[in-house]
Amino acid sequence: MVKKNALFYIASILAILIPVPCGLFYGLILAFTFNVLYFSFVPLNFLLDKYIEVPFKWAFAPLYFVFIISIEKILISLWSASFGMQIELILYVQAFSFYIIYVLNNVSGYTLKSKIQSQIPQCILYSVVAILFSLLRDILGHMAITFAGFSGLHYIHLFSINTVPLMNFFASIPGATVISACVLFVFFLVEKKQELGDE
Amino acid sequence: MTDQTKKYLFNYGIFSGIIVFMFAVLFLLTIFSRNAISNNLKKEVSIVLENSFPNVYSVKDEYFISNHFNSLNKVYELENIDMKKEEYAVVVNVATIYGQFPAVFLYSQNDETQFVNFLCLDDEREVDYFSISENSSILHWINYISNIFNELEK
C-alpha cells in the first residue's frame with residue numbers, strides 16, 4: 001500500500017512545500033508538524049472509536065488539528081514572533097491537507113500498536129521528502145543552510161550568493177515548482193524501475 | 001432515566017468536554033502569550049528600525065486600528081527624537097515571489113509610508129527580495145497602509 005501511494009504522498013508534501021519560503025528550517029518545521037499530528041491523532045482517534053459513540057465524531061479531527069496548529073504557532077511566536085507570523089498560514093494549510101491524506105488513507109490494524117506501525121513508513125517518507133526538498137532548494141537558491149538561532153533564523157553561507165548567477169530562481173515559487181517536478185520525475189523513474197524489476 | 005439516555009449523556013458529555021477543554025487551553029494560552037509575543041515582535045521591529053535609521057526611533061506600545069487589521073498585522077507607535085509628528089511602524093505579511101515575508105513599513109502623519117525592511121531575512125537576500133517586489137506587493141501595501149491611516153484621521 002505504501003508503494004502504491006508513494007507518489008500520492010510525495011505530490012501532497014511537494015504541493016505544500018512549494019509556497020513555503022526557501023530554507024531547510026521550514027522543511028524541518030513541516031516534517032515535525034506532520035509527525036506530531038499523526039502520532040497524536042491516531043491514538044486519540046483510536047480511543048474515541050473505542051469508548052465514545054457520537055454521530056458527528058468526524059468533526060473532531062479538524063477541530064483537533066486547529067488546536068494543535070494554534071498551540072504550535074503560539075510556541076513558535078514565543079521564540080520568534082516574525083517567524084510565527086510568516087509560517088502561520090502554511091501550518092494551517094498543511095493541517096488540512098494532512099486531514100485529506102488521513103481521510104483517504106485507511107489506517108490498517110485493530111490494535112493501537114498496529115495502527116501506529118502501519119503509519120510509520122508514510123511518516124518517514126513525508127519527513128524525508130520535506131527535509132531533502134528544503135535542503136536542496138536552500139543550497140541551490142540561497143547557497144546557504146537555514147537553521148534556527150536563539151531568536152530567529154540563522155544562515156550558514158556555503159558560497160557567496162553571486163557565485164553562480166540567477167540561482168536565486170530556485171528560492172522563488174516558480175523555482176520550487178521546477179524542483180518539485182524534478183523530484184517527482186525521479187521518484188516516478190525509481191518506481192517504474194522497481195515495477196520492471198518485480199515483473 | 002433509562003440506560004440508553006445515560007449512555008447518550010455520557011458520550012455527548014465526554015465529547016463536548018474534550019472540545020471545551022481544547023478551546024479553554026487555547027484561549028488561556030492565547031491570552032497569556034499575547035504580551036510576550038507582542039514584545040518579541042517589538043524587539044525585532046526595533047532592530048530593523050535601528051539598522052535602517054540609527055538612533056532615531058524608539059518603539060512604544062502596540063497601536064490598535066481595528067479587529068480585522070490587528071489580528072493579521074501589527075502596528076506600533078514610534079517615538080521620534082525630534083518629536084515633531086506621530087509615526088507608526090506597521091508589520092504586515094508581504095506576499096513575494098519567494099513566499100510570504102513579514103516586513104516593516106513606516107507611516108508618518110503627513111501621509112508618507114515607506115518600506116523599511118523584511119523580517120526573517122539576512123542582508124544578502126534582502127536586496128533581491130525587495131527589488132522584485134518593489135513595484136508590486138510592496139507598493140500595494142504602501143498605498144493600503146496610507147489609506148487605512150487616512151481613514152482613521154478623517
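This is a predicted model: local features need pLDDT of at least 70, side-chain atom pairs count only at pLDDT 80 or more; totals for chains, interfaces and linings use all residues.
Take chain A to begin with. Glu88(A) and Lys73(A) form a salt bridge, with their closest N and O atoms 3.8 Å apart. Glu88(A) sits in helix 4 of chain A and Lys73(A) in helix 3 of chain A, so this pair links distant parts of the chain, 15 residues apart.

Now hop over to chain B. Here the side chains of Glu79(B) and Lys60(B) meet in a salt bridge, at 3.9 Å from N to O. Glu79(B) belongs to strand 2 (residues 74–80) of chain B, while Lys60(B) belongs to strand 1 (residues 57–62) of chain B, and the two are 19 residues apart. Glu79(B) has a relative accessibility of 35%, which makes it partly exposed. Lys60(B) is partly exposed too, with a relative accessible area of 35%.

Lys74(B) and Glu62(B) make another salt bridge through their side chains, again at 3.9 Å from N to O. Lys74(B) is in strand 2 of chain B and Glu62(B) is in strand 1 of chain B, so this pair ties together parts that are 12 residues apart in sequence. As for Glu62(B), its relative accessible area of 32% puts it in the partly exposed group.

Next, look at where the two chains meet. How many salt bridges are there between chain A and chain B? The count is 0. What you do find between them is 9 residue pairs in polar contact, with both residues at pLDDT 80 or more. The side of chain A that touches chain B gets at least two residues from each of helix 2 (24–51), helix 3 (60–79), helix 4 (81–104), helix 5 (112–142), strand 2 (153–157) and helix 6 (173–198) of chain A. Helix 3 of chain A gives the largest share, 10 residues. Sorted by class, that side of chain A has 29 nonpolar, 9 polar and 3 charged residues.

Finally, here's the contact as a whole. Chain A brings 41 residues to it, and chain B brings 41 residues. Together the chains bury about 3,400 Å² between them, and 68% of that is on carbon and sulfur atoms.

Terms used: Residues are numbered from 1 along each chain as its sequence is written. Chains are lettered from A and ligands numbered from 1 in the order in which they are written. Side-chain values use heavy atoms; hydrogens and water are left out. Contact means heavy atoms within 4.5 Å. Buried area is the accessible area (1.4 Å probe) that two parts lose on being put together, summed over both. A salt bridge is a side-chain nitrogen of Lys or Arg within 4 Å of a carboxyl oxygen of Asp or Glu. A polar contact is a pair of N or O atoms within 3.5 Å; within protein, one must be able to donate a hydrogen and the other to accept it, and residues adjacent in sequence count only if both atoms are side-chain atoms. Helices (H or I, at least four residues) and strands (E, at least two) are DSSP runs, numbered from the N terminus. Ala, Val, Leu, Ile, Met, Phe, Trp, Tyr, Cys and Pro count as nonpolar, Asp, Glu, Lys and Arg as charged, and the others, Gly among them, as polar. Buried means under 20% relative accessible area, exposed over 50%, partly exposed in between (1.4 Å probe, protein chains only).
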